[in-house]
Amino acid sequence: MRDMNNDIEVKHSEIGNKGLFVLKRDGKRMGRLEYQRLSSFTISAQHTEVDKGFEGQGVAKRLFSVLVGWARENDQKIEPLCPFFKSMFDRNPDVKEELGA
């Protein structure tokens with residue numbers, strides 16, 4: 001999957017109950033988001049990491065948007081274990097419907 005606005009490549013993988021989203025630009029990893037599947041319809045956003053050299057460029061916010069978009073498309077709910085994700089849900093009421101119980 002590619003973000004046409006900024007030529008950012010989004011890679012997603014899920015093995016067992018663990019999932020990963022990775023953002024890359026020009027073959028360089030920008031950041032990653034790890035999640036754990038809690039049920040067939042709920043995931044827990046566990047950890048967000050921005051790689052050195054990409055700090056302050058909105059990478060974590062982009063990962064948040066990617067995960068919320070994926071959750072909407074796949075009828076998933078998100079339980080934000082990661083402090084960054086907790087704060088993003090608090091600051092963005094328009095995504096509350098993706099928030100897990």
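This is a predicted model: local features need pLDDT of at least 70, side-chain atom pairs count only at pLDDT 80 or more; totals for chains, interfaces and linings use all residues.
Starting at the N terminus, the order of elements is β-β-β-β-β-α-β-α. The radius of gyration is 13 Å, close to the 13 Å that the globule rule gives for 101 residues, so the protein is as compact as a globular protein of that length.

**Overall dimensions and packing**

- The C-alpha trace spans about 35 × 30 × 25 Å along its principal axes.
- Buried residues make up 38% of the 101 residues of the protein.
- Take the contacts between residues at least 6 apart in sequence: 36% of them join residues at least 24 apart.

**Surface and charge**

- The protein has an accessible surface of about 6000 Å², and carbon and sulfur atoms account for 50% of that area.
- Side chains of opposite charge can pair when their charged atoms come close.
- The structure contains five salt bridges.

**The bridge between strands β2 and β4**

- Glu14 and Arg37 form a salt bridge through their side chains, with an N to O distance of 3.1 Å.
- Glu14 belongs to strand β2 (residues 8-15) and Arg37 to strand β4 (residues 28-39), so this pair ties together parts that are 23 residues apart in sequence.
- Glu14 has a relative accessibility of 33% and therefore counts as partly exposed.
- Arg37 counts as buried because its relative accessibility is 18%, and the cut-off for buried is under 20%.

**Other salt bridges**

- Lys11 pairs with Glu9 in a salt bridge whose closest N and O atoms are 3.4 Å apart.
- Lys11 is partly exposed, at a relative accessible area of 40%, and Glu9 is also partly exposed, at 22% relative accessibility.
- A salt bridge also links Arg32 and Glu34, where the closest N and O atoms are 2.9 Å apart.
- Glu34 has 27% relative accessibility, so this residue counts as partly exposed.

Definitions and conventions. Residues are numbered from 1 along each chain as its sequence is written. Side-chain values use heavy atoms; hydrogens and water are left out. Helices (H or I, at least four residues) and strands (E, at least two) are DSSP runs, numbered from the N terminus. The radius of gyration is taken over C-alpha atoms; the globule rule is 2.2 Å times the number of residues to the power 0.38. Buried means under 20% relative accessible area, exposed over 50%, partly exposed in between (1.4 Å probe, protein chains only). Contact means heavy atoms within 4.5 Å. Accessible areas come from the Shrake-Rupley method with a 1.4 Å probe; for residues, only the protein chains shown count as cover. A salt bridge is a side-chain nitrogen of Lys or Arg within 4 Å of a carboxyl oxygen of Asp or Glu.
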